[in-house]
Amino acid sequence: MVVNRRGEASRSALLAAGKTAFSSRRYEEVSIVDLARELGVAAGSISYHFGGKRGFYLAVLEAAADEFWGDLLAMRGPALDRLSRGVDRLLDEAVQQPASFEALIADVADAEVRQIRERHRGRLADALAVEMTGSSSSAVLRAAISGFLSFVEGLVLHWLHTGEITRVQVKDLIMGNFFGAAMSALRVDPDIELTQRATDAALSEAHGFGLFAGSPGVFHRAETPE
């Protein structure tokens, strides 16, 4: 049992160090020998736990995505506040881990990386749909959320590459696009019913962005208990 605990601790330490190692360098820019030297371990340790550099890299990306997801789940408070903090958490990740962030978003030619991305992206899309309506059954809403996530990915990459706009502007664009996507879904599918928390958040944010003007009947609140 002691050996297992030590093994898990060693594996966790390697993942934490690997997140830093791959934060600013691409996969092909890192050699397993140099990586092991930087981490202060034998190269065989990485092979033992992860089967080599490739397995280590994929495990680091998976762990980073899981950590981000765990942080989102731990957030408490009103829906709009959680959305705002979630966007901040995403932007922090993009700034602190630019190489791994871009790999998950843009490396679509790598099938294994793409699988990690799609799995976590789908989980986030489901969570947003459930937050808004209490279920993830609306095809229109899911399509709108998918488009919103693609917008976020493209916008953040553009920001990282060019620095042409400020972080505040990036966040405002993300928040505005989210509620714009929600409005579009509601217009296309009048049967979508929002939860009370989603309605409150949307009405609050609408005043800031001028959304839903002249459309007082666009919201439909779900009658199911919260």
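Below are my notes, going from the whole chain to the cores, the pocket and some individual positions.

**Entry 1: the overall picture.** First a reminder to myself: this is a predicted model. I looked up the secondary structure and got ten helices and zero strands. Reading along the sequence, I wrote the pattern down as α-α-α-α-α-α-α-α-α-α. The chain has 226 residues, and 43% of them are buried. I also checked how far apart in sequence the contacting residues are. Taking contacts between residues at least 6 apart, 66% join residues at least 24 apart.

**Entry 2: the largest nonpolar core.** Which residues touch the most other members of this core? I found Met132, Ile145, Phe148, Val156 and Ile174, out of 37 residues in the core. Next I asked where the core's residues come from. Helix 5 (79–96), helix 6 (98–106), helix 7 (111–133), helix 8 (139–162), helix 9 (167–188) and helix 10 (196–209) each supply at least two. Helix 8 gives the most, with ten residues.

I then picked Met132 and listed its contacts, leaving aside neighbours within four places in sequence. Met132 is in contact with Leu141 and Ile145, with Phe178 and Ala182, and with Glu193, Leu194, Thr195 and Ala198.

There is also a second, separate core, this one of 19 residues. Among its members I noted Phe22, Phe50, Phe56 and Leu104.

**Entry 3: the largest pocket.** I looked up the space in it and got about 1,100 Å³. Its lining runs to 43 residues, and Phe68, Trp69, Leu72, Leu124 and Leu128 lie nearest the centre. Helix 4 (53–74) gives two or more residues to this lining, as do helices 5, 6, 7, 8, 9 and 10. Which helix has the largest share of the lining? That is helix 7, with ten residues. I sorted the lining by class too: 31 residues are nonpolar, four are polar and eight are charged.

**Entry 4: Leu61.** I went to helix 4 for this one, as that is where Leu61 sits. Is Leu61 buried or exposed? Its relative accessible area is 1%, so I put it down as buried, the cut-off being under 20%. Not counting residues up to four places away in sequence, Leu61 touches Ser100, Leu104, Val113 and Ile116. Leu104 had already turned up in my notes as a member of the second core.

**Entry 5: Asp110.** This residue is in the loop between helix 6 and helix 7. A polar atom of the Asp110 side chain lies 3.2 Å from the backbone nitrogen of Val113. Val113 is also one of the residues that Leu61 touches.

**Entry 6: Val33.** Last stop was helix 2 (residues 32–39), where Val33 is placed. With a relative accessible area of 48%, Val33 is partly exposed. Val33 and Gly44 are eleven residues apart in sequence, and their C-alpha atoms are 9.4 Å apart in space.

Technical notes
Residues are numbered from 1 along each chain as its sequence is written. This is a predicted model: local features need pLDDT of at least 70, side-chain atom pairs count only at pLDDT 80 or more; totals for chains, interfaces and linings use all residues. Side-chain values use heavy atoms; hydrogens and water are left out. A nonpolar core is a set of buried Ala, Val, Leu, Ile, Met, Phe, Trp, Tyr and Cys residues joined through side-chain atoms within 4.5 Å. Buried means under 20% relative accessible area, exposed over 50%, partly exposed in between (1.4 Å probe, protein chains only). Helices (H or I, at least four residues) and strands (E, at least two) are DSSP runs, numbered from the N terminus. Contact means heavy atoms within 4.5 Å. On a 1 Å grid over the protein atoms alone, a cavity is a set of points where a 1.4 Å probe fits but cannot get out, and a pocket is an open set with protein on both sides within 12 Å along at least five of seven lines; lining residues have an atom within 4 Å of a point. Grid points are joined across faces, edges and corners, and a volume is the space filled by probe spheres set on the points. Ala, Val, Leu, Ile, Met, Phe, Trp, Tyr, Cys and Pro count as nonpolar, Asp, Glu, Lys and Arg as charged, and the others, Gly among them, as polar. A polar contact is a pair of N or O atoms within 3.5 Å; within protein, one must be able to donate a hydrogen and the other to accept it, and residues adjacent in sequence count only if both atoms are side-chain atoms.
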